[in-house]
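Here is a short briefing for a first look at a structure. Please keep the sequence and the 3D view open while reading.

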Amino acid sequence: MPTPTTLAIFCKVVDNYGDIGICWRLARQLEREHGVQVTLWVDDLSSFRRICPGVDVAAAVQHVEGVLVRHWGGQDGAFAPADVADIVIEFFAVDIPPRYVEAMAQREPKPVWLNLEGLTAEEWVEGCHALPSMHPRLPLTKHFYFPGFTPRTGGLLRERGLLAERDRFQADPAAAPAFLTGLGVTPAEQAALKVSLFCYRHAPVAALLDSWQAAPMPVTCLVPEGVATDTVEAFLGGPPNAGAVATRGALTVRVLPFVPQPDYDRLLWACDVNIVRGEDSFVRAQWARRPFVWHIYPQDENLHHKKLRAFLDRYCPDIASLAGFSLRWNGAPGEDNMERLSWAELWTALQADRNALLARGADWEKRMLEIGDLATNLLGFARSLR
Amino acid sequence: MKPAKEIRVGNIIMVDAKPFIVLRSDVNGSSRTGFTYKWKMKNLLTNAPLENVFRGDDKFDVVVLDKKPVTYSYFADPLYVFMDQEYNQYEIEEENLGDALNYLKDGMECEAVFYDGKAISVELPTTIVRQIVYSEPAVKGNTSGNVLKEAKIENAIESKRHTVQVPLFVSQDDMIEIDTRTNEYKRVIRN
């Protein structure tokens, strides 16, 4: 069988920047590092443009950084077997257009068809990773592919030069100040404890800002435009547009422009604590090797709490402050001794564990590196099926 | 057509025009797109077993097969023998019984499922009542059901005794109701 050289990713944007964020990173990495010709089908070009300004929201077909981007306008459309890529990825179990699937069944050799699932630390994933899923009516088999935190999963997305670039950035005393100055962050704000804040609407941001206002040490909270807008507007006393800033007590809140992916990485590298959300920024925070708090995508029946606990059990079973803070941030019941603490006390406890969290970040990175990166693992799996 | 989330152990489904019996179904949660169903299946034409995973909304043709009320009669190693009201006996392989094996009991009433004239599996009622044959002592006052412990339930074949998670207040010899679709404890039955 020939080595797969073409690949199609079907991405439907549900979580504004997470879905396309992950698909775009994967597409770019497969193209750049593995020489695969990638077609990225995406239904929402506006969200895509916010993390990748080179995207033309009006174009049905365009090349962006070497990747063929096609606007996925709906489920209609005719496809021939020759239109089908060697590897077809449905991201988060999206429904691929039915006639594309029919064309897949007619193609010889059959494409490798993968359902790339969401990241979770739950144990069951190991039992389902890489298992087949026969099509009920067509002679086609899909395989489920799970990213994850153990060698029995697909690992995490990580570009080849990412960690070296991060190390250079963090080792250069001029790099972070220059980067933050470019975003409008003043030297005085940079001298404070810097926290990046990215979360969903329901996060208890107001309570956290209150505790930072009364904190013994100055805190600079850097929040992208469009995130926690009501609370940020109340704090600022005005529109939360990029560049808006206000200081109350020990806290300065500054609204940043929504930055492209590479700059978001630098922001995470430059901050002392990162509050991240969803899947894409969650993984990037792990590679930043700075203490982070995860705001998880909400699910019915609080299933996301189970997912959060599974991660905390793997990541910090012995660092109660991070577990306690994370559970409270996500509205999940915590241990009794943590439940009684105020936001200020939770934050103080988290800061007291800073060295332990930095060490954990380094250990965790070593463990994740041993698994290999998601794009390389996925491509290796696809080759094994051909 | 039925979505995967409505298909039960013992159902026969058509996959790529071949009949498969679902022998075991593990439901795994927390995917953003819903639950993931991991099935142990067997091809009824070749007897080849396989494991597959499906999304909850993947749709299948379910084959409606002949069914007949039977009672479990005895174990004729390696086959399990069921009998209908006319005293006809039907032998079913252990692996085809799937989770039903967990609840097998002498005289148990269920429905035998036939494919091509041959009994291939049994379907259980949605709920059944079984006695606990072993469990740690009950904890008085705990009625919340949040904390669970293991309990072994009665079974025709002692070596196959099944364990169910029950609340702490449930004790040995209690009769409990179990949901056979999820293999979960539902309630304790006391006079």
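Residues are numbered from 1 along each chain as its sequence is written, chains are lettered from A and ligands numbered from 1 in the order in which they are written, and side-chain values use heavy atoms, with hydrogens and water left out.

**Confidence**

- The model has an ipTM of 0.87 and a pTM of 0.83.
- Chain B has an average pLDDT of 88, where pLDDT is the predictor's confidence in each residue, from 0 to 100.
- In chain B, 95% of the residues score at least 70.
- Where pLDDT is low, the predicted coordinates should not be read in detail.

**A helix pair in chain A**

- Helix 12 (residues 303-315) of chain A packs against helix 13 (residues 320-329) of chain A at about 165 degrees, and their axes are 10 Å apart.
- Helices (H or I, at least four residues) and strands (E, at least two) are DSSP runs, numbered from the N terminus.
- Axes are lines fitted to C-alpha atoms, for helices over the stretch in contact, and angles run from 0 to 180 degrees between N-to-C directions.
- Helix 12 of chain A and helix 13 of chain A are therefore roughly antiparallel (angles under 35 degrees count as roughly parallel, over 145 as roughly antiparallel, 65 to 115 as roughly perpendicular and the rest as oblique).
- Leu308(A), Arg309(A), Leu312(A) and Tyr315(A) of helix 12 of chain A meet Leu322(A), Ala323(A), Ser326(A) and Leu327(A) of helix 13 of chain A (contact means heavy atoms within 4.5 Å).

**Aromatic rings**

- Over all chains, the whole structure holds 39 aromatic pairs.
- Trp41(A) and Phe79(A) form an edge-to-face pair, 5.9 Å centre to centre with 70 degrees between the planes.
- Rings of Phe, Tyr and Trp (its six-membered ring) pair if their centres lie within 6.5 Å; planes under 30 degrees apart count as stacked, over 60 as edge-to-face and the rest as tilted.
- This pair links distant parts of the chain, 38 residues apart: Trp41(A) is in strand 2 (residues 37-42) of chain A, and Phe79(A) is in the loop between strand 4 (67-71) and strand 5 (87-91) of chain A.

**Backbone geometry**

- Most residues other than glycine have a negative phi, and most peptide bonds are trans.
- The bond from Glu108(A) to Pro109(A) is cis, with omega near -5 degrees.
- Asp77(B) and Pro78(B) are joined by a cis peptide bond, with omega about 10 degrees.
- Arg289(A) has a positive phi, near 60 degrees.

Key:
This is a predicted model: local features need pLDDT of at least 70, side-chain atom pairs count only at pLDDT 80 or more; totals for chains, interfaces and linings use all residues.
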